[in-house]
Amino acid sequence: AITAYHDLLDKQKPSTHSLRWLHSLSQAYLSLGDRSEIPKKIDIYLSKILENTSIKKTSEYAEYQNNFTTLTLTLHRESRKTDDPLLWKSTDGMYDVFYKYFPESPQGAIWYHGAQRKEHLAKYSESIQWYKRAALVTDYENKDDSLNSILRIAKNLLDQESIKSKPNIDLYSQLAQDTEWYIQKFPLEKERDVADVLYTEALHKSQKLQHTHDYIIQRIKELSSNAHSQALFMFENNRLYRAKNWIPTYEFSGRAMKVTADEDLTLDFKRKLNLIHQEAAFQKAYELEKEIEKNKDALPDQMRDWYR
């Protein structure tokens with residue numbers, strides 16, 4: 001049977017029949033227990049078949065995607081059960097072929113289980129992208145878990161990076177994009193507050209202070225300075241304070257004071273905003289005062305402006 005299917009696929013012009021032959025060839029290899037050949041043959045023949053672009057518009061193409069998903073998940077279950085390295089290699093090959101040929105697939109299960117596999121291999125950034133695709137399948141049963149997994153992995157990566165001596169700006173930028181995606185696509189999800197916290201941390205650490213502050217001020221406006229938006233402000237203020245970044249601290253607290261001027265805030269938060277604003281000005285003046293002691297060309301007026 002394997003030889004016959006090879007002959008058909010090699011000699012016949014690509015058509016919807018080719019998809020059925022290819023699936024049958026894969027099943028034949030599966031029956032023989034030769035899993036390693038399955039992703040290889042699919043890659044070779046699918047590339048040839050899809051040269052006929054009209055095939056993608058057919059019901060047979062949609063059916064083949066379903067069959068491909070079923071086959072891939074079968075291999076995944078076998079691999080998980082046996083933990084056979086060769087089976088895992090075949091499973092990983094199937095996921096690679098899937099991503100190559102079906103990047104727009106609406107099959108939630110294969111995106112979800114592929115994401116789990118990527119996560120197991122510590123390919124965390126890839127895993128997030130696969131979870132995102134699973135989460136976009138509206139009626140997929142593991143949609144919520146996919147969304148939660150995105151935030152869980154993002155938090156773990158942020159925590160891991162925070163203890164390293166040299167920041168990975170590219171990783172922080174990617175995490176900012178991933179959490180922003182969550183916020184934009186699912187603004188009403190119950191974990192939105194968590195996404196806000198992770199997004200502003202990643203954005204800050206990707207050295208985009210202005211964007212970070214713009215977003216937090218926007219959230220303060222939207223939420224009328226509730227406990228969550230106040231927490232976002234304080235988290236960012238703490239990051240600025242640890243870095244002794246006084247001018248952004250001064251400007252950021254000033255913006256927060258301005259947008260909350262007419263709100264009925266708790267006295268405690270109003271007091272915090274005022275103290276932060278004043279402390280930042282004092283610290284900046286103190287820095288300038290020390291600079292004047294070292295550099296006679298420094299302008300005393302700058303120092304007096306900040307003390308004022």
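**Reading burial and helix packing in a predicted model**

Biologist: Where is E161 placed?

Modeller: E161 sits in helix α8, residues 143-162. Helices here are DSSP runs of H or I with at least four residues, and strands are runs of E with at least two, numbered from the N terminus. The model is predicted, so local features need pLDDT of at least 70 and side-chain atom pairs count only at pLDDT 80 or more, while totals for chains, interfaces and linings use all residues. Residues are numbered from 1 along each chain as its sequence is written, and side-chain values use heavy atoms, with hydrogens and water left out.

Biologist: Is E161 buried or exposed?

Modeller: Buried means under 20% relative accessible area, exposed over 50%, and partly exposed in between, with a 1.4 Å probe and protein chains only. E161 has a relative accessible area of 7%, so this residue is buried.

Biologist: Which residues does E161 touch?

Modeller: A contact means heavy atoms within 4.5 Å. Not counting residues up to four places away in sequence, E161 touches K166, N168, L171 and Y172.

Biologist: What is the case for S79, buried or exposed?

Modeller: S79 belongs to helix α4, residues 59-82. Its relative accessibility is 0%, and therefore S79 counts as buried. Neighbours within four places in sequence aside, S79 is in contact with D84, L87, W88 and T91.

Biologist: How many residues has helix α5, and what span does α5 reach?

Modeller: The expected span of a helix is 1.5 Å times one less than its number of residues. Helix α5, residues 85-101, has 17 residues and reaches 24 Å from its first C-alpha to its last, close to the expected 24 Å. At the start of α5, a side-chain oxygen of D84 comes to within 2.8 Å of the backbone nitrogen of L86.

Biologist: Which residues of α5 are buried, and what do they pack against?

Modeller: An α-helix has 3.6 residues a turn, so residues three or four places apart point the same way. The buried residues of α5 include L87, W88, T91, M94, Y95 and F98. The buried residues of this helix pack against α3 (37-49), α4, α6 (108-120) and α7 (124-135).

Biologist: What does the protein chain have as its radius of gyration?

Modeller: That radius is taken over C-alpha atoms, and the globule rule is 2.2 Å times the number of residues to the power 0.38. The protein chain has 28 Å, whereas a compact globule of 308 residues would have a value near 19 Å. Its secondary structure comes to 15 helices and zero strands, and 45% of the 308 residues count as buried.

How values were computed. Polar contact = N/O pair within 3.5 Å; in protein donor to acceptor, adjacent residues only side chain to side chain.
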